[in-house]
2 protein chains.
Amino acid sequence: MTNIRDIAKMAGVSVTTVSRVINNHPYVSEEKVSAVKAAIKKFNYHRNINAVHLSKGKTHLIGVVVPFSNHPYFGLLIEGIANAALDHNYKLVLIQTNYEETKEMEALRMLEDKQIDALIICSRICPWDVIESYSVYGPIILCEDSRNNKISSTFIDHYKTFTMALDYLYQKGHQQIGYTIGRQTGTNSSQRDAAYKDFLISNALCFEPNYIFTNRFDVEDGVNVAEHLLDMKNRPTALLVTSDQVAAGILTGCRENGLAVPDDLAIMSFDNQPISRVMHITTLEIPFFEVGKKLFQQALNGKEAAHEEVQVRLIERKTV
Amino acid sequence: MTNIRDIAKMAGVSVTTVSRVINNHPYVSEEKVSAVKAAIKKFNYHRNINAVHLSKGKTHLIGVVVPFSNHPYFGLLIEGIANAALDHNYKLVLIQTNYEETKEMEALRMLEDKQIDALIICSRICPWDVIESYSVYGPIILCEDSRNNKISSTFIDHYKTFTMALDYLYQKGHQQIGYTIGRQTGTNSSQRDAAYKDFLISNALCFEPNYIFTNRFDVEDGVNVAEHLLDMKNRPTALLVTSDQVAAGILTGCRENGLAVPDDLAIMSFDNQPISRVMHITTLEIPFFEVGKKLFQQALNGKEAAHEEVQVRLIERKTV
DNA sequence: GCTTGCTCTGAAACGCGTTTCATACCATAC
DNA sequence: GTATGGTATGAAACGCGTTTCAGAGCAAGC
């Protein structure tokens, strides 16, 4: 393999000059530029990018931590980040954790080792203090409300959003409202839980533990919720569903079992994925591209912790 | 930042010995091992991974080219590859092309620059000869039948599969069979097209150009197909659909418009994604995890071109 | 006529871990 | 008693591009 010194020799210039030509530095005479370019072409020279990385201490690589890649929520988030990265000539290193803490630690260690310039964590398992301790090595951006912490974030205020959605359902006459959620831990979930409980209290409603369906991620989980509903004596009249996929499953399950939507059960969902459009599901739109863009922007700028709130938008369709 | 030489000095050993300790080389005495480990701990030393990459000429990074990240097909493929990568301590660099040739070229150039050890292309736009010309720089693996080329692949024989599916529909009494497909170009599509045309000929059926729906990727495209169908005088009685998402859309569209499935229209789909299970769509299962695993395996082994065929499996449900 | 400041160039230092090669010691093997 | 081979260790070379620093040449400004 030819290296920069070979090219310098061939072109009759110094290594510095070759480097300048490669990096479009202005102060190189035309003749040397063409001599270097000719040599590069002749020997099909390509700089060893790892040497560049070592020398510059940067890799133009940004780590993206997701629990799964095949879930539409994360797929869309990745797509949003990927598109922002494209524009800035950055590449993404995908770190799929399956929610295993060791994998998340590996991602943090990649930041420490300077294998990535920044780290975007779309969903976290590690505790705050661990993540904070790694933030000295480079920007870490989270996708959850971290205003109480020293880590940057692009987030949706799920307390506010959930409250808004619950109020909306309440105004439509619903008093028996339940919700489905993915995992129970995590900032987003606890914000939602808090909003739910506060809503019940301020409207003097009873807490029904079996109105809450946890670990619902997928269409099939949604069908399962619908089947559960059938067996309930005192069924909720409305459900807040934290993913369009789950909502689509519930809707399908209801239809198959003769439960009318929205008359027997109102469904309000999250995300506004294509499936919700097709199935006319009322949903709260998350602007994934905007989120992805902001996450990337923060990863790029780094330095001080910043917090970007993103607003959701209610899209009224036919399930409420 | 402390480097390996600092640690060597602190521990009173040579740089080589430090390197040996880090890499668990056997020939180091216990006392030196502990001295080095102590120094590493004391100074919180972490080796600069970019120096390792430069020195070794490897990055433990594998590039994965996809047109989109948010499509369930690619999401599942990525998930399969990511899981295989996890087991082997490799990381994935996600290169989203949006089917732009320049982006795919960038991925090839990353291989040339040694930024990635291998490249998996899930869907390709560049012509064969271009891809072949880059295969000298490292393993390139494709996700399409490349038995005619010098590039490795894990693939599904779409000619065989399509033929099988068409025969199945024919045996069920269908003579007016159409199909939907994503993009028209590409090996997979032309194999399918060839299978379709051969099927028509060998069964003495007429070619109806408007039985073919191109550029159908998503649920919404599926709904659109259903709406198209309504306007047709001489409607197909069965449709082969190359994605569960599209099939779900068609099914939804049919139901909304009073077209009975399978009586008015039979639907046979591909992938066996969760949505097809929930909606009881008859589909041809693609074993994504197996595909992902094999793709990764080939990327790892590299060297000579190899071809791995993967079989699909018919899953009979309620749409045929 | 002298200062300032831009253009152009290259030697040398820098970023840093791995690997080869040489060497030395000690213990079996014959 | 000598050859053989494993254990243990370090100096130096290697992978390679970027950047700093120093200096030369030339033109515009006062």
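The sulfur of A:Cys143 lies 5.5 Å from the closest cysteine sulfur, that of A:Cys122, which is too far for a bond. A disulfide is defined here as a pair of cysteine sulfur atoms within 2.5 Å, and by this rule the count over all chains is zero. A:Cys143 is buried, at 8% relative accessibility, whereas B:Cys206 is exposed, with a relative accessible area of 67%. Buried means under 20% relative accessible area, exposed over 50%, and partly exposed in between, for a 1.4 Å probe and protein chains only.

This is a predicted model, in which local features need pLDDT of at least 70 and side-chain atom pairs count only at pLDDT 80 or more, while totals for chains, interfaces and linings use all residues. Residues are numbered from 1 along each chain as its sequence is written, chains are lettered from A in the order in which they are written, and side-chain values use heavy atoms, without hydrogens and water.

Attention now turns to strand β2 of chain B, residues 91-96. Six of its six residues are buried, so the strand is largely enclosed by the rest of the structure. Helices (H or I, at least four residues) and strands (E, at least two) are DSSP runs, numbered from the N terminus. In a regular strand the side chains alternate between the two faces of the sheet. Here B:Lys91, B:Val93 and B:Ile95 point one way, and B:Leu92, B:Leu94 and B:Gln96 the other.

Two strands pair if DSSP finds at least two bridges between them. Six bridges join β2(B) to strand β1 (residues 61-66) of chain B, and these strands run parallel; B:Val65 stands opposite B:Ile95. Three bridges join β2(B) to strand β2 (residues 91-96) of chain A, in antiparallel fashion, with B:Leu92 as the bridge partner of A:Leu94.
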